[in-house]
Structures are given as C-alpha cells and as structure tokens.
Amino acid sequence: MNQARPAVLVTRRLPAEALERIQARCEMTLYDGEGAMPRDRLLAEVAGKAGAITLLTDRVDDEFLDAAGPQFKIVANFAVGFDNIDVDACTRHGVLASNTPEVLTETTADTAFALIMAAARRVAEGDRFLRSRSGWIWSPLMMLGQDVHHATLGIVGFGRIGQAVARRAAGFSMRVLYHDVYRPSADVEQQLGAEYRDLDALLAESDFVSLHTNLTPQTRHLINEERLALMKPTAVVVNTSRGPIIDEQALAKALAERRIFAAGLDVFEHEPQVDPDLLTCENAVIIPHLGSATVQTRLAMANLAADNLFAGLDGSPPPTPLNPGAGG
Ligand code: DGY
C-alpha cells in the first residue's frame, strides 16, 4: 500500500465535492452501482484497504473487519445512525468508527415536522385525490384533518434531533412532552418547555408522537400493538429514526382499523421493502428515507465523513468518533 495515498473504499456515490477531496488524498475505490453494495463485493473490495466510508445499508461486523485485514484503520459511516456498525467489533479489531452527527440535525427535524404536517393535514392523500379524479367541489366535510397548532407533541428520544423538533413545535404553540432514558438538564427542559413522561403516559397524552431513538435491541418494536393501543384515535405517529422501532404489521393494522388517525414514515422495518399493508393505507404518508436528503446536508455529511476518514488514516482523533481511542 502506498502510505502517502492510502487505499480506501467508498461504498456509494457521494456529493462530488467530497469525492474530489477523497480522490485528492487517497486511492479511492468507488462502488457506483444503483443499490446497496452486494455483500460479497463489499467484502472483496474492502480487502487490503486502509479505511472505508460506509452507508447505513453496509453491515460492518467481524466478517467485514476480518475481510478488510489488519491494516484497516477507520470506518467512517455516512449517517448519524450506526446500527449497521458493530462498534465493539471495531474496537476489538483496533479500528476507529465514526458517524455524522450534528450536521443533519436541523434537516432531519424539518423532515419530521413535514411528516407531522402532511399526515395531520392529509397532504399526500389530497394530492392523490386530485390526480385520480376529473371533478371535485369544495365541501365543508371534505378530507378533514387534525390541528397541529396547540396540540400536544410527544417526542420519544430527546437527543439533538428530538430537541430540534421541540424547537419547531414552539412555533406552532404546541405542548411538548418527551421520553428518553437520559434526562437532559432542567435548563434544557425549561428552555424547550418540555415535560418528561414515561413512555406509556406520553403515548396516551400526545396528539402527535415523533420517534427519535437509536435502534438498539431495547428499542426494537418499542412501538408495538400494545403501545399503539394506548394512543388516542386522533393521534399521529411519525418515524424518522429507524424502521424497526415500530412493529410495522401492528401499525398497518392500527391504521387500517382507524385506531389511530395517521402515520408519517420516513423509515421502514424491512427497508427498502415497505409492508404491502402499509401501502394500501390512505392514512400513511410514506417517503423513502429522506430525513437528511437536502443538497446542503448531504454535502456536509460527506465532508464530515471524509474528515473522519482522513483523521483515522493520519492516526489523529476523528472529529466525531464512536469509539474514541480505538486503534491506539
Ligand atoms: C442517518 O444519518 O442516520 C439517516 O438515517 C440518514 O441520514
């Protein structure tokens, strides 16, 4: 390996400016296929590399790290979520792992709010309605939704993105409840006007529930049939975190039976598949994992992933590490 120009793998096309930066410093192998890099190809291409930029669709585990080899120094994930990365395995292999927090906080909060609004006010359904009919007339009872302003918003997972959603809610005069295993300081609660609730109480009290937790074994199916049953029949649930936080079958059933009003979903339990039962629910607004998908934010994420990669290759601390100090 040429030490001056380390060999790296980038598992999907990123914004051009970041790719140019990587190419200027490294021998870059870029997977330019349409879908996620096939597993056998990923394992073959990472062999002998010094580092990699991976996506949430690439599993980084012992198998990946063994395939990469002992010279492998850093895996820089192009996402804030890192449930695709076995961080302990990276640490055991002496490999640094990093993610892309902060740069996507506001953009993802915007997406959550867009889904809150769209699901409450039947925006996608109204669009479909107009496109599929030749005539219609304004009517007092047509497509009534739920008010967002002055409603109660329950935020599950009160980290950066959850708190950014709370800031937006203030502009809509909403009452904000939150649940998290980590309690922020009383100052943060006060600034955001947010009250703590245990999860079941939050679900029962909220008109809108927005999910912002990491996916872990503890949060898989956090929102299941029993918890959906706690929600108001007028409630809306929004998920911009990870699909498996919701039991999708149970959600599709609750939506179809109108046991809750609507859902806004950016992520899916078996992504990229969407449960066929969900596809038939008029009251589900579904978008293809677009949480951070703006020109500005995807560039910022790519540049941060590149900064993490370069630091790991240079043996300096990456700006946003997941296992600081790993790799010596
Ligand atoms: C993330 O960063 O985890 C998102 O899901 C993709 O932006």
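## A buried aspartate

The backbone nitrogen of leucine 290 lies 2.4 Å from a polar atom of the aspartate 266 side chain. The model is a predicted one. Aspartate 266 sits in the loop between strand S11 (262-265) and helix H12 (276-279).

Which side chain of opposite charge is nearest to aspartate 266? That is arginine 298, and it is 7.1 Å away. Aspartate 266 is buried yet has no salt bridge. A salt bridge needs a nitrogen and an oxygen within 4 Å. Beyond its neighbours within four places in sequence, aspartate 266 is in contact with Thr111, Leu115, Asn239, Thr240, Ile287, Pro288, His289, Leu290 and Gly291.

## Threonine 107 and its partner

Threonine 107 belongs to helix H5. Its relative accessibility is 13%, so threonine 107 counts as buried. The side chain of threonine 107 makes a polar contact with the side chain of threonine 297, at 2.6 Å.

Residues up to four places away in sequence aside, threonine 107 touches Gly291, Ser292, Ala293, Thr294 and Thr297. Gly291 is in that list, and Gly291 is also in contact with aspartate 266.

## Salt bridges between separate elements

The count of salt bridges comes to 27. One of them pairs arginine 168 with aspartate 110, with the closest N and O atoms 2.8 Å apart. Arginine 168 lies in helix H7 (residues 160-171) and aspartate 110 in helix H5 (residues 105-120), so the pair ties together parts that are 58 residues apart in sequence. Arginine 168 counts as buried because its relative accessibility is 18%. Aspartate 110 has a relative accessible area of 42%, so it is partly exposed.

Glutamate 195 forms a salt bridge with arginine 175, and here the closest N and O atoms are 3.9 Å apart. This pair links distant parts of the chain: glutamate 195 is in strand S8 (residues 194-196) and arginine 175 in strand S7 (residues 175-179), 20 residues apart. Glutamate 195 is partly exposed, at 34% relative accessible area. Arginine 175 counts as partly exposed too, at 33% relative accessibility.

## A loop-to-loop bridge and a network

Lysine 232 and aspartate 207 meet through their side chains in a salt bridge, 2.9 Å from N to O. Both ends are in loops. Lysine 232 lies between helix H10 (225-230) and strand S10 (236-239), and aspartate 207 lies between helix H9 (199-205) and strand S9 (208-211). The two residues are 25 residues apart, and the pair links distant parts of the chain.

Aspartate 207 counts as buried, at 18% relative accessibility.

## Isoleucine 245 and its surroundings

Isoleucine 245 is placed in the loop between S10 and helix H11 (248-256). Its relative accessibility is 0%, so isoleucine 245 counts as buried. What does isoleucine 245 contact, leaving aside its neighbours within four places in sequence? The residues are Leu211, Thr213, Asn214, Leu215, Thr219, Arg220, His221, Leu222, Ile223 and Asn239. Asn239 is also among the contacts of aspartate 266.

Isoleucine 245 and glutamate 269 are 24 residues apart in sequence. Their C-alpha atoms are 7.6 Å apart in space.

## Alanine 50

Alanine 50 lies in the loop between helix H2 (39-46) and strand S3 (51-54). Alanine 50 counts as buried because its relative accessibility is 2%. From alanine 50 to alanine 119 the separation is 69 residues in sequence. In space the two are 45 Å apart, C-alpha to C-alpha.

## A nonpolar surface patch

Leu130, Trp136 and Trp138 form a nonpolar patch on the surface. Together they have about 420 Å² of accessible area. Leucine 130 is in helix H6 (residues 123-132). With 44% relative accessibility, leucine 130 counts as partly exposed.

Note on methods:
Residues numbered from 1 in each chain as written. Predicted model: local features only at pLDDT ≥ 70, side-chain atom pairs only at ≥ 80, totals over all residues. Heavy atoms only, no water. Patch = residues over 30% accessible without salt bridge, like charges linked within 9 Å, V, L, I, M, F, W, Y side chains within 5 Å. Areas by Shrake-Rupley, 256 points an atom, 1.4 Å probe, with all protein chains shown as cover. Helix = DSSP H or I, 4+ residues; strand = E, 2+ residues; numbered from the N terminus. Buried < 20%, exposed > 50% of the residue type's maximum accessible area, 1.4 Å probe, protein only. Lys, Arg positive; Asp, Glu negative; His and termini not counted. Polar contact = N/O pair within 3.5 Å; in protein donor to acceptor, adjacent residues only side chain to side chain. Contact = heavy atoms within 4.5 Å.
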